[in-house]
Amino acid sequence: MIKIEQEAWDLMVAHAQKTYPNECCGAMLGPIDGDVKTVRVALPLENAYPGAQRERYELRPEDLLFAEREARKNGMDLIGIFHSHPDCDAYFSKTDLENSCPWYSFVVLSIQKGQFHHANSWLPNMEQTEAAKEELEHPNA
Amino acid sequence: MPKILIPTPLRQFADKKDAVEVSGSTVGEALGALTAAYPDMKKNLFNDEGKLRSFVNVYVNDEDIRFLEKDKTAVADSDTISIVPSIAGGR
Ligand SMILES: [Zn+2]
């Protein structure tokens, strides 16, 4: 399961609401203890998708390299990625799946009319054909 | 020997190590040495045709090997190889 701490959560929601009506994205860092991943730090990153960002996001690999280095420097792990779905539900879309990486948790925040609505976490498989829902705990749940 | 930094989710396949030193004078040789030492790592990095999976980017220090010589990119003893995911999406 994945637990998101208050400070990281507030930053994720603020980033998603500020970026609305476009999609936002970022990295989640923290410790992993057995089956429990705890998100302690959220790193908002730039949406680098060159087209309409209302329906797409893209992370620069160098930003993810930076996130990975930040995690190592602070004795934490890169746990996952978050992004927002403006005015639609927090499902894992076909586009999300086809551009995912099975090593990480993918938290999707549904932002409706500019405000946080709900969130889900997803674990895509290696073949990028399906994603399982992961148990998610966050302060607004 | 060049060093490969192992992302957290892959450490379970590398005796829990966060970095592995491997022999090899190119990125291809270094990754080959890594997957030879830790065979369970292979299917995470390469597809059935032996090509790097679409979600895998490889960096030598701060440079993406796609913009260098790809798997023929030379690596020296002092170099650090990073495995970086490629991630995008949309609603
Ligand atoms: Zn999405």
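A:Cys88 sits in the loop between S7 and H3 of chain A; helices (H or I, at least four residues) and strands (E, at least two) are DSSP runs, numbered from the N terminus. This is a predicted model, where local features need pLDDT of at least 70, side-chain atom pairs count only at pLDDT 80 or more, and totals for chains, interfaces and linings use all residues. Residues are numbered from 1 along each chain as its sequence is written, chains are lettered from A and ligands numbered from 1 in the order in which they are written, and side-chain values use heavy atoms, with hydrogens and water left out.

**Around A:Cys88**
- A:Cys88 counts as buried because its relative accessibility is 12%; buried means under 20% relative accessible area, exposed over 50%, partly exposed in between (1.4 Å probe, protein chains only).
- Beyond its neighbours within four places in sequence, A:Cys88 is in contact with A:Ser110, A:Ile111, A:Gln112 and B:Arg91 (contact means heavy atoms within 4.5 Å).
- The C-alpha atoms of A:Cys88 and A:Leu109 are 9.4 Å apart, with the two residues 21 residues apart along the chain.

**Zinc site**
- The zinc ion has protein donors A:His83 (NE2), A:His85 (NE2), A:Asp96 (OD) and A:Asp96 (OD), at 2.0 to 2.4 Å.
- Donors are N, O and S atoms within 2.8 Å of the metal (3.2 Å for Na, K and Ca); water is not among the atoms, so sites may look incomplete.
- The donor residues follow the spacing H-x1-H-x10-D in sequence.
- The arrangement is irregular because the four donor atoms subtend angles of 57 to 162 degrees.
- Four donors count as tetrahedral if all angles lie between 85 and 135 degrees; four count as square planar and six as octahedral if opposite donors are over 155 degrees apart and all others between 65 and 115; anything else is irregular.
- A:His83 is buried at 0% relative accessibility, and A:His85 is buried with a relative accessible area of 0%.

**Interface of chains A and B**
- In chain A, 34 residues are in contact with 30 residues of chain B.
- The two chains bury about 2,600 Å² between them, 58% of it on carbon and sulfur atoms; this is the accessible area (1.4 Å probe) that two parts lose on being put together, summed over both.
- On the side of chain A, A:Arg72, A:Trp103 and A:Met126 lose the most area to chain B, together 30% of what that side buries.
- Four salt bridges are counted between chain A and chain B (a side-chain nitrogen of Lys or Arg within 4 Å of a carboxyl oxygen of Asp or Glu).
- B:Arg11 and A:Asp77 form a salt bridge through their side chains (3.5 Å, N to O).
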